[in-house]
Amino acid sequence: MRPAGVLLVVCGLVLGATGDPSQDFCSQILNSGVKPGFPKTIKTNDPDVLRAARHSAESFNNCSNDAFLFRESHVSRALVQIVKGLKFMLDLDISRTTCKKTRHSSLDDCSFQTNRTLKRTLSCYSEVWVVPWLQSFEVPVLRCH
């Protein structure tokens with residue numbers, strides 16, 4: 001099967017399993033010359049990239065001892081690779097919010113810290129593996145400094 005045929009199958013599986021017509025994403029992938037297994041640059045404001053960045057921040061929060069939640073603040077670079085799903089490779093910043101972990105707030109409702117002593121931003125590299133037809137995601141790599 002030609003690479004474009006494989007991509008059509010992957011996009012068809014994404015569309016069929018999620019019910020979410022991510023046609024923009026599939027069109028972008030198909031028209032960009034992406035071949036399965038080869039990373040390709042993707043726009044940092046792509047909704048799928050932003051979801052992957054959110055998963056990265058949530059993974060950081062689950063591993064952090066910080067009293068406050070962190071949220072993605074900027075994605076500077078994004079790559080996507082088709083590997084039994086989609087693997088996103090992100091360079092991103094995550095910043096401390098005003099929401100305390102104990103309250104389990106939704107990150108959407110959390111503002112970034114403005115207090116100089118509490119304000120903190122970390123630069124991270126993250127890999128997020130998404131299998132849309134199984135509605136699963138995994139963050140196997142997350143390095144922040």
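Predicted model: local features only at pLDDT ≥ 70, side-chain atom pairs only at ≥ 80, totals over all residues.
View 1. Strands (E, at least two residues) and helices (H or I, at least four) are DSSP runs, numbered from the N terminus. Two strands pair if DSSP finds at least two bridges between them. Strands of a sheet pair through backbone hydrogen bonds, either parallel or antiparallel.

Residue numbers start from 1 along each chain as its sequence is written, and side-chain values use heavy atoms, without hydrogens and water. Local features need pLDDT of at least 70, and side-chain atom pairs count only at pLDDT 80 or more, while totals for chains, interfaces and linings use all residues.

**View 2. Strand S2 and its partners.** Buried means under 20% relative accessible area, exposed over 50%, and partly exposed in between (1.4 Å probe, protein chains only). S1 (residues 40–41) pairs with S2 in the antiparallel sense over 2 bridges. Here lysine 40 stands opposite valine 80, and threonine 41 stands opposite leucine 79. S2 also runs antiparallel to S3 (residues 86–100), joined by 12 bridges. Glutamate 72 stands opposite isoleucine 94 in S3. The hairpin of S2 and S3 has 3 residues between the strands, and lysine 84 takes a positive phi near 50° there.

**View 3. The largest nonpolar core.** A nonpolar core is a set of buried Ala, Val, Leu, Ile, Met, Phe, Trp, Tyr and Cys residues joined through side-chain atoms within 4.5 Å. The largest one has 21 residues; Val49, Val75, Phe88, Leu90, Leu92 and Ile94 touch the most other members. H3, S2, S3 and S4 (121–131) are the elements that give two or more residues to this core. Beyond its neighbours within four places in sequence, leucine 92 is in contact (heavy atoms within 4.5 Å) with residues including Ala53, Val75 and Leu122.

View 4. Aspartate 46 is found in the loop between S1 and helix H3 (47–63). The aspartate 46 side chain does reach the backbone nitrogen of aspartate 48 at 2.7 Å. Arginine 51 and aspartate 48 meet in a salt bridge (2.6 Å, N to O). They are 3 residues apart in H3, separated by about one helical turn.

**View 5. Salt bridges across the chain.** The structure holds 6 salt bridges. In one, aspartate 66 pairs with arginine 96, the closest N and O atoms being 2.5 Å apart. Aspartate 66 lies in the loop between H3 and S2 and arginine 96 in S3, so the pair ties together parts that are 30 residues apart in sequence. Aspartate 66 is buried at 14% relative accessible area, and arginine 96 is buried at 11%.

Methods:
Polar contact = N/O pair within 3.5 Å; in protein donor to acceptor, adjacent residues only side chain to side chain. Salt bridge = Lys/Arg side-chain N within 4 Å of Asp/Glu carboxyl O.
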